[in-house]
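Please keep the sequence and the 3D view open while reading.

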Amino acid sequence: MKFCLAGNPNSGKTTLFNSLTGSTAHVGNWPGVTVDKREGVYKKLPERVHIVDLPGIYSLSPYTPEEVVSRNYILEEHPDVIINIVDATNLERNLYLTTQLIETDIPVVIALNMMDVVEKNGDKIDKKALESLMGVPVVEISALKNKNLAALMKTAYETAGKGKGGRSVIEQSGVLGGVYKEIVGLYGDAGCGDKVFHAVKMLEADELETAKFPEIAKKAAGLKSKINAKAFDDDFEAMVADARYRFLTQHISSVISRAAREENTRSDRADRVLTHRIWGIPLFLLIIFAVFHITFAEDFLFLNGLFGVSVTDPGWINFFSGMGYEGMLEEAAGGVVSMAVPSVGVWLQSWMGWLTGSIIDVVSGWMSASPAWLSGLVCDGLLSGLDAIFSFLPQILLLFLFLSILEDSGYMARVAFIMDRAFRKFGLSGKAFMPLLMCFGCGVPGVMATKTLENEKERRMTMMIAPFFSCGAKLPIWLAFAGVLFAGQYGDLVVFSVYLIGIVVAIVAAIILRFTVFKGETPPFIMELPSYHLPQFKNLMAHLWEKLKHFIIKAGTIIAASIVVIWFLSNFDFAFWNGMVDNIEYSMMGRIGNVIKYLFYPLGFAMGADGWKFVVASLTGLLAKEEVVATLEVLSGGLGLEALLGGMTVASAYSFMLFNLLAVPCMAMVAAVYGEIGSGKRTWGAIGFWLLTAYVVSMVTYWSVSYWWIGVIILVAIAAALTVLYIRHKNNNKFKGVAA
């Protein structure tokens, strides 16, 4: 048996899907498109039920890939039941989709979601009246609180065995309804299934419908000539939409009664602050900095810097700092130690470092009698490379946890709203912020999410700047440098600064692209703000599990294999049959790196005896950013990351970080961009743009930090160039206005 979930975005559909399917859920792609396909199994009925979570949509018109996917699935796959998730707090708008779903021959059950919020607001919904109005069963639920889900599935299971014919609210619309009935007759004569749905789509002059049934389209055109549609500029789709809304407006009062409301609810008061025209963006930056401070700060309470707290108890140091394995216990034995209380993220990372380091020590002891090449491969290569990745795993998961909380609570939707004011000046709407925000987790789903942007220029521009928003795979790089720069005292500021610089570069790049390549008007931004609510613990853990599973699979396959290759290339010469080299510079990797490092000299990090190692790490990072830290660990020759990174200046370190932030993120994202753009030429253009931006920004950063006056000159030059582009843009718009 097969059920599908259909509903508007932010209606709680995904929350319901996760609650019903749990660990059985898996994600793929619909055939031919990159829209996510979520499937799972519900096991609490007499037979197993396969549940398909359709993309969030507002209608079944063929304007977006999500709408086409949902429509094709319903009409071609014929699920046993459509469970229509309806946000009870926005009943009239959500029922617009319901009026289309009931036009199919497939049984429909309305899951009236967020009823806990409705009851809290003092509103009342007459379930029986709604069932009578729509002609389908209605079950009141709360997906967030797992309330009444068993009753919903039982009703859906019982409904699946009953036949159903489509019905449309259009039939009550005077002349329009009369013509609709005649078109239904045409489909009946042709022996078509879902004749009500097809008739309404033909009435709307739906392009997919007219192309599929050209003979019926000719007859329908003659019937539609009876209708006076001048008030709608002969747009029958608008006329049908108006009929749907008039039906809902006319009858909604018999379904819902609303309680008297305060003019200023808590949500309204919160929005006045969080979405403020002036303070909205600074508050967002402050909230994000707090997240980074909790995750990455070495001195969370500023005890060391402000109060100079000193301790002597080794047990206290070892437990609360997690740093005992790094020699602090021995230091405490000789006197007092200035003690800082680390953030939760640093504390967890320290203990993870102790765990992975202990594993390496144990394995090294076991393999002490093994051949040098074997112990080197396992301990100095594979285990050390994986240690460099896994030791940062707690901080990565903690950051994703905080971002998931902000997103699930409804706050991130507000951020998109306030960002629209700023983004509009750069040629993007606030809607583009959501795909870019997803890039903080992973750039691949961020690129795929650009399909929700209707404007082609905005889609392409968003994809062009997407890599500049630091993804989770790059985080180990920032953490490695944060632990060394400024003696590791300002780790949160170092990481926060990299994220912030990426956003600034994205804004400047968007301005340049808007005034040069992607000229034109910025599309309007319309978005429904979901109500604030506490995130569900189960959903948060599901998000983290997906991240962890992806990370472990990638680390156990791609990263592990590449570490072995890098270790081999860095320990053997081209005449590898002569055995391991004594000096890593004479290895295959060393010789290649020393040849190409001169191309990176202007960027600063390629200089010095170890410069070629950073060049090689940057090149392996073009395949996958997790490779950067793993490569540096292998190339450190067993000395560890701190020994290798400790020789860098602040200027060269930031230059290296920014090159890896802005350059090609990974081959998976390149493939995603190609899949969305569909053009090899444009994809190569995007790769060239990323590499050029990374090279220029890294070079400017190195020389600006090394010599402040060079930075001033460069900033003035950039400001002048942007001003010239802006003036030309304004003049061109004036000229077009006069010509028009």
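Phe440 is found in the loop that runs between helix H21 (433–438) and helix H22 (443–448), where helices (H or I, at least four residues) and strands (E, at least two) are DSSP runs numbered from the N terminus. With a relative accessibility of 11%, Phe440 counts as buried; here buried means under 20% relative accessible area, exposed means over 50%, and partly exposed lies in between (1.4 Å probe, protein chains only). Phe440 and Phe469 are 29 residues apart in sequence, and their C-alpha atoms are 5.8 Å apart in space.

The model is predicted, and local features need a pLDDT of at least 70 while side-chain atom pairs count only at pLDDT 80 or more, whereas totals for chains, interfaces and linings use all residues. Residues are numbered from 1 along each chain as its sequence is written, and side-chain values use heavy atoms, with hydrogens and water left out.

**Backbone in two loops**

Most residues other than glycine have a negative phi. His78, although not a glycine, has a positive phi of about 50°, and His78 is placed in the loop between helix H2 (65–77) and strand E5 (81–87). Ala205, also not a glycine, has a positive phi of about 65° and lies in the loop between helix H8 (195–203) and helix H9 (207–212). As for accessibility, His78 is partly exposed with a relative accessible area of 45%, and Ala205 counts as partly exposed at 42%.

**Salt bridges**

How many salt bridges does the count come to? Under the rule that a side-chain nitrogen of Lys or Arg lies within 4 Å of a carboxyl oxygen of Asp or Glu, the count comes to twelve. The table gives some of them.

| Pair | Closest N to O distance |
|---|---|
| Arg71 and Asp206 | 2.9 Å |
| Lys147 and Glu119 | 4.0 Å |

Arg71 forms a salt bridge with Asp206 at 2.9 Å between the closest N and O atoms. This pair links distant parts of the chain, with Arg71 in helix H2 and Asp206 in the loop between H8 and H9, 135 residues apart. Arg71 is buried at 4% relative accessibility, Asp206 is buried at 6%, and both Arg71 and Glu209 are buried.

Lys147 forms its salt bridge with Glu119. Lys147 lies in the loop between strand E8 (138–140) and helix H6 (149–160), and Glu119 lies in helix H4 (residues 115–120), so the pair ties together parts that are 28 residues apart in sequence. Lys147 is partly exposed, with a relative accessible area of 44%, and Glu119 is partly exposed at 46%. Elsewhere, Glu103, Lys201, Glu204 and Arg244 are linked in a network of salt bridges.

Two packed helices are described by the angle between their axes and the distance between the axes. The axes of helix H7 (residues 174–189) and helix H10 (residues 214–224) come within 10 Å and cross at roughly 160°; axes are lines fitted to C-alpha atoms, for helices over the stretch in contact, and angles run from 0 to 180 degrees between N-to-C directions. That makes H7 roughly antiparallel to H10, a term that applies to angles over 145 degrees, while those under 35 count as roughly parallel, 65 to 115 as roughly perpendicular and the rest as oblique.

Helix H28 (residues 611–620) has nine of its ten residues buried, so it is largely enclosed by the rest of the structure. Among the buried residues of H28 are Trp612, Lys613 and Phe614.

Val700 lies in helix H33 (residues 680–706) and is partly exposed, with a relative accessible area of 22%. Trp709 has its place in helix H34 (residues 708–739) and is partly exposed, at 45% relative accessible area.
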